[in-house]
Amino acid sequence: MVETGIPKLDDFLDGGIPKGKSLVYYIQPGVEGEIFGMQTIHSTLKSGGTAIFVVSSTIPDIVKGQFKEYGWDIDPYKDKLFFVDSYNPLIGAPSNEKYVVQKPDNINDFNKIILDIIKETPPGTIVFGSLSTIMDLCGEKETIEAVKTWNKMAMVHDHVMVYNFTAWPYSRETLELIQGDLFNAVISIGGIAERVIFGQYFGVLKSDWAEITKKSMLFRVLRPGGVKLFIPKILVTGPFDAGKSTFVHALSTRAISVDRLGTTIAMDHGHVDYKGFSADIFGTPGQERFDPIIKLLSGESMGVFLVVDSTNPADFVRAKHMLEITKSYGLPYVVVANKQDSSGALKPEEIRNQFNLPQDVPVVPVVAKDKIGVFEAFEILIDKITGGA
Ligand SMILES: Nc1nc2c(ncn2[C@@H]2O[C@H](COP(=O)(O)OP(=O)(O)O)[C@@H](O)[C@H]2O)c(=O)[nH]1
Ligand SMILES: [Mg+2]
């Protein structure tokens, strides 16, 4: 197996791409999709594998710079990462790379080099930075025939083949083949557009080895960081003094609270960057007069933490009411049983009983002030939001 390195996608694919299989990242034009292939290269290298990167839409030096931008140091992998340069010859410039396609507009030239690599290098990951560019230069039919051969030979030699493909308006036949029989797996990468693209997502369109998860994941591209799953908004609610602000700060790489007179009257805002996820979290004020704010924020959220002070059962009535507000939006939620360090703190199961919470609602023991349990709670909520575990 080769892990794609794209958060969640490897879970969707039952661990990654099996040896001998091919996968295409099928990219809607205008979406930042080509990074997916690069991230798979980086993931291969990190796990000790060999990677070949076929660069056809810019010079390899620029691509090396992009790796740096994403925070991926490729210098230690000089004997594990090789570039196929099919761009410099196109602009008549000399190339320093080990493999050079001298006539990038002739598929036979590609064919010879790719087949040599497949036969001669040890099993590894071969990534095409842009199959669409090759198609533009060599022709649709010609390129598809070549890809068929490459995938077949890669199967024999145990390589993993990965292609970035931007779905420009090619012939219907070509697009159908690419979404259909040409590859073992198709990952669709698209954008939510409204004049400009304001949200990007990916999902598994096809896979012949893993059961398909219908879920699409929102992502954004961070520099450094690469592809990160993006959870637009998570709400942190709960009674006054339960530890919401403390919880938001414990989770966040950066956070601000707007406080007045020692307690939060406005809001906490934090940003979480954890295990490939990127999420904005908002803490609501606890006082009843701010319930309309909870309603407002709930409508735009994807999940909710309900923070309770485990030592203060008197507050549970209020907490329950706040839960009802957010529950009416059908959001997934997790109960954070905070202040577990204090004497007299109720255990999660006792809180579940007092709340009458069904067994499938997670109640997570947390000491927010010491950051204990906060990321466990985060992972559990993310799993609920993304329909994982
Ligand atoms: N013992 C203990 N105290 C906590 C914990 N988390 C927060 N606190 C304290 O509880 C009080 C209220 O916390 P805060 O985050 O401001 O609560 P909020 O009103 O819900 O935002 C503060 O004095 C915190 O120091 C915890 O895990 N254990
Ligand atoms: Mg607060």
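Pro-224 is placed in the loop between strand E9 (216–222) and strand E10 (226–237), where helices (H or I, at least four residues) and strands (E, at least two) are DSSP runs numbered from the N terminus. The peptide bond that joins Arg-223 and Pro-224 is cis, with omega at about 0°. The model is a predicted one, in which local features need pLDDT of at least 70 and side-chain atom pairs count only at pLDDT 80 or more, whereas totals for chains, interfaces and linings use all residues. Residues are numbered from 1 along each chain as its sequence is written, while chains are lettered from A and ligands numbered from 1 in the order in which they are written.

Two lysines have a positive phi. For Lys-8, found in the segment before helix H1 (9–12), phi is near 75°, a positive value in a residue other than glycine. Lys-339, which lies in the loop between strand E15 (333–338) and helix H11 (348–355), is likewise not a glycine and has a positive phi of about 65°. A residue is termed buried if 20 or more other C-beta atoms lie within 10 Å of its own, exposed if 12 or fewer do, and partly exposed in between, with C-beta atoms placed from the backbone. Lys-8 is buried because 21 other C-beta atoms lie within 10 Å, and Lys-339 also counts as buried, with 24 C-beta neighbours inside 10 Å.

Helix H10 (residues 316–327) has twelve residues and should span 16 Å at 1.5 Å a residue, in agreement with its end C-alpha atoms, which are 16 Å apart; the expected span is 1.5 Å times one less than the number of residues. Within H10, the residues Ala-319, Met-322, Leu-323 and Thr-326 are buried. These residues cover an arc of only 105° around the axis and therefore lie on the same side of H10, the arc being that of the directions from the helix axis to the C-beta atoms. Val-317, His-321 and Glu-324, on the other side of H10, are exposed.

Around ligand 1 there are 18 residues, of which Gly-243, Lys-244, Ser-245, Thr-246 and Lys-369 come nearest; a residue is near a molecule if its C-beta atom, placed from the backbone, lies within 6 Å of it. Helix H8 (244–251) and strand E12 (263–274) each supply at least two residues of this shell, and the largest share, three residues, comes from H8. By class, the shell has four nonpolar, nine polar and five charged residues, where Ala, Val, Leu, Ile, Met, Phe, Trp, Tyr, Cys and Pro count as nonpolar, Asp, Glu, Lys and Arg as charged, and the others, Gly among them, as polar.
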